[in-house]
There are 2 protein chains.
Amino acid sequence: MLPPLQRDQIDVVLVSPRNPLNIGAVARAMANFGFDRLTVVAPYAPHWREAKSAVGAPGLLKNARQVATLAEAVAACTLVAGTGTLTHRKPEQRVIQLPELALPVSDSIAAAGRVALVFGPEKHGLTREDLSFCHLLVEIPTDARQPSMNLGQAAAVCLYELAAHASQPLPTTPGPSPKTISGTQTASGTLDRIATLIEETSLAAGYSPRTMQDANRHDLRLLLRRLGPSERDSRRILGFFRRVLRQLTHPPTR
Amino acid sequence: MLPPLQRDQIDVVLVSPRNPLNIGAVARAMANFGFDRLTVVAPYAPHWREAKSAVGAPGLLKNARQVATLAEAVAACTLVAGTGTLTHRKPEQRVIQLPELALPVSDSIAAAGRVALVFGPEKHGLTREDLSFCHLLVEIPTDARQPSMNLGQAAAVCLYELAAHASQPLPTTPGPSPKTISGTQTASGTLDRIATLIEETSLAAGYSPRTMQDANRHDLRLLLRRLGPSERDSRRILGFFRRVLRQLTHPPTR
């Protein structure tokens, strides 16, 4: 049985959308399928204003949250699913096909988590940096000769798929999932706090040269999402590293 | 088992589409999901020309068939499925929800028939007269407060649903399996080496009192197994903690 998939635990996140018509189309698809939490990351201001003030724009568009970074957009989420095609990249996280998305989404919601479904800009989609905030990459199964979907249509298809499982249970493998054992998954913002602490510890220990800092930060972000610590694990990890860092930066006099 | 659903036995039919962008969006969704037979009924000529000549218009749009009436468009079809919502009308034929569409479609194709999926004009959808040519009315399950979908998005969702049941899988770029991404799981002995190092680091940082050592060792062992790092992750973790421990136990003279 698929655990209940509650729409209000799902955020739709648009990263730097350009075309006001596409923004409107995403909002309309959300309204069609009963989703109403939209976050827009660093939109191009004139187009964003235009989209919001369009005739017939759904209320959820006027109430959309606007933030500066993807990190901020997904800080409260325990499952961040990026959308895109794999044509031009080598994925660094788990890839699933859209028809399989409902299961991890409802698992996360059942574990009292929030889920973000992230769409990239029209031209090039999510960047490698954006994807490093994602636990999963969701692929819509499209024809390799024309794999790239229009933003509004991609959102419609994804939300249709999730909505189909919102109230209707599906047969799945029985038995408790690892999630049930380890407790609530950690919110993205907490993972970022862990990453920052580890980075500071690395520097304090002289482990990582400054020239490698960006690459290491990227890898670390992915590593933490692969490991998927529970909230409780994360609190321990934070406590541990705070102590280690303090000791490294303020060693007691002997 | 569903009988085979061959895409080339399915015609997409647009009745009097107005907006060239919508026509282009339908064509794009068709290309995304591997359908290539488009018929347009009585289009508004200037908009139809504009849609066909748009930059990046898929070949299937340029090759679309243009006819004067819906009767002509579906003359060769054995199953005609009209799309729409029931908000303002009393259906005169069988109504099915989109997730159930694949079965009658593949049944018809198995019986050597052709299928038409018909979309009405943007403003009001298919008329009662149009619907009289339809065997079925397909409803996309949408929110009653915002039931009406954008034409391009409705087509994308319908074709996604049919493509999911097509006999011929789409040519897609296969992604690596999760194993390839995260690598071989770590052997238990390596996890124990990590645990020992973390324990020594804890002690060196004064994080954990000696009286708690056994309980902490136990928790740490479980934590590492829950996280399940790959071999590659584990090598990084080991290297990192070796460095931190060294720095804690042999701080450089300042």
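Two strands count as paired if DSSP finds at least two bridges between them. The model discussed here is predicted.

Q: In what order do the seven strands of the open sheet in chain A lie?
A: The pairing in this open sheet is parallel. Its edge strands are strand 3 (65-67) and strand 5 (94-97) of chain A, each pairing on one side only. From one strand to the next, the twist averages 25°. The order is 3-2-1-6-4-7-5.

Q: At what angle to strand 1 of chain A does helix 1 of chain A run?
A: Helix 1 (residues 20-32) of chain A lies across two strands, strand 1 (10-15) and strand 2 (38-41) of chain A. Over 145 degrees counts as roughly antiparallel. The angle of helix 1 of chain A to strand 1 of chain A is about 170°.

Q: Are helix 1 and helix 2 of chain A roughly parallel, roughly antiparallel, roughly perpendicular or oblique to each other?
A: Helix 1 of chain A and helix 2 (residues 45-53) of chain A have axes 8 Å apart. They pack at an angle of about 45°. Roughly parallel needs an angle under 35 degrees, and roughly perpendicular runs from 65 to 115. The two helices of chain A are therefore oblique.

Q: How many residues of chain A are in contact with chain B?
A: Chain B gives 46 residues to the contact. Its side divides into 26 nonpolar, 15 polar and five charged. Elements of chain B that give two or more residues include helix 1 (20-32), helix 9 (188-204) and helix 11 (231-249). On chain A, the number is 48 residues.

Q: Over which residues of chain A is the pLDDT below 50?
A: The model scores ipTM 0.77 and pTM 0.80. Chain A has a mean pLDDT of 85, with 89% of its residues at 70 or more. The stretch below 50 has 15 contacts in the model beyond near neighbours in sequence. That stretch is residues 168-182.

Key. Residues are numbered from 1 along each chain as its sequence is written. Chains are lettered from A and ligands numbered from 1 in the order in which they are written. This is a predicted model: local features need pLDDT of at least 70, side-chain atom pairs count only at pLDDT 80 or more; totals for chains, interfaces and linings use all residues. Two residues are in contact if their C-beta atoms, placed from the backbone, lie within 7 Å. Helices (H or I, at least four residues) and strands (E, at least two) are DSSP runs, numbered from the N terminus. Ala, Val, Leu, Ile, Met, Phe, Trp, Tyr, Cys and Pro count as nonpolar, Asp, Glu, Lys and Arg as charged, and the others, Gly among them, as polar. Axes are lines fitted to C-alpha atoms, for helices over the stretch in contact, and angles run from 0 to 180 degrees between N-to-C directions. pLDDT is the predictor's confidence in each residue, from 0 to 100.
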